[in-house]
Amino acid sequence: MKTLAVPFIALTLAIGGCASMGGGEAEEKKIEVVTDNLEKVQGSKEVYLGQFSVTFVTKDKASATSESGMFSKDRAYAKAILKSELKGIPQETMQAITEEAYKNFVAKLEADGYVIRSYKELTANKDWEKIDTLETPYQPSSVGSFFKGDKGKTLTFTPEGMDLLYYKSYPAVPGVPMVYDLAKLAGDLDYPVIMADYRVHFANLSGQTDRSMDYNTGERTYSAEVSFGQAINVQPNSGISFLRGVSGTFSNKSGYAQLETPVIIGGAYGETEDTTSGAQKAANAFSGLLGMVSGGSSDTTEVTVNADPVIYARGVLQAIDLTNDEVLKAFTSGE
């Protein structure tokens, strides 16, 4: 199995030259978890699990732009765009990953001494009918969903028999997906309702820009590059949120324990190929020629990961499992 370690884009204007950037396994970084209001759920060992979802990113776009400062007369720039897509993972595999991740989450929560009350009991409540739900697998019809940062294509799954809730922020609390009717229901039942949501990316995308000037000639050079590396990436804001009732002006009955930094499992799980279309290559060439006159140029590369479903699934489950270790540690300790 081979892996294309790059691709990258490096655009240089005004003075010739080119930079290169390689890819590899993601660096190991400390996992940071951000929490809020956990004291409101302490001592409540009986909970409802109102939702468990996994959102799979299957297409994304990253860009980097190097340009002059706001008040500069120089309007030259270099822009690199990288479009990436995940292929080879059937929906059946995504559903199976979701089911296994759900089973592991429940086992970890119960091992920490929690009792998960009946989901059927929760949904049988007459007020459950007031809660907006979505059909799964859910794919946003336009850019955006209940996770911040959607720029491409995603599919969201829940375990068999579990609803996918339509999140509305009420009131607006950073990091907490809020469902007003569910919050009211949680208050009436007098048990916390937990939601566990994960957003999984298939790559590590990073951008780099540079701007320099030749003090002898006064010519400026702009460069921009975007790198791509195969890596399973559970993204920030993934984790647990909970509701205990409707929040008021002076009280907040919701909280969360969520990733502040991504959980990344590096390594190849398929083959990466440059799939830039002929039309796009022609557009890139035209932009380069135009840049000779305008001083500004952009370049777009398209890559596809043809994934091995077995290896991909193994990596996703490992990443979600590691996420849960860190998130539940914070959640159960109340810190």
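Predicted model: local features only at pLDDT ≥ 70, side-chain atom pairs only at ≥ 80, totals over all residues.

Helices (H or I, at least four residues) and strands (E, at least two) are DSSP runs here, numbered from the N terminus. Residues are numbered from 1 along each chain as its sequence is written, and side-chain values use heavy atoms, with hydrogens and water left out.

Stay with Asp 190 for a moment: its phi is positive, near 65 degrees, in a residue other than glycine. Asn 37, in the loop between β1 (33-36) and β2, also has a positive phi near 65 degrees without being a glycine. Are these two buried or exposed? Buried means under 20% relative accessible area, exposed means over 50%, and partly exposed is in between (1.4 Å probe, protein chains only). Asp 190 is exposed at 57%, while Asn 37 is buried at 14%.

Now for the rings. Rings of Phe, Tyr and Trp (its six-membered ring) pair if their centres lie within 6.5 Å; planes under 30 degrees apart count as stacked, over 60 as edge-to-face and the rest as tilted. The structure holds ten such aromatic pairs. One of them is Phe 52 with Tyr 198, a tilted pair at 5.3 Å centre to centre with 50 degrees between the planes. This pair links distant parts of the chain, with Phe 52 in strand β2 (residues 46-67) and Tyr 198 in strand β8 (residues 193-213), 146 residues apart. Phe 52 is buried, at 0% relative accessible area, and Tyr 198 is buried at 0% as well. Tyr 119 and Trp 128 make an edge-to-face pair, because their planes stand at 80 degrees with the centres 6.1 Å apart.

Phe 52 and Tyr 198 also belong to one aromatic cluster with Tyr 102 and Phe 105. Phe 105 brings us to helix α1 (residues 91-111), where it is one of the buried residues, along with Ile 97, Ala 101 and Leu 109, among others. After α1 comes Gly 113, with a positive phi near 95 degrees.

One last stop is the loop between β5 (133-134) and β6 (153-157), where Pro 137 sits. A cis peptide bond joins Thr 136 to Pro 137, with omega about -5 degrees.
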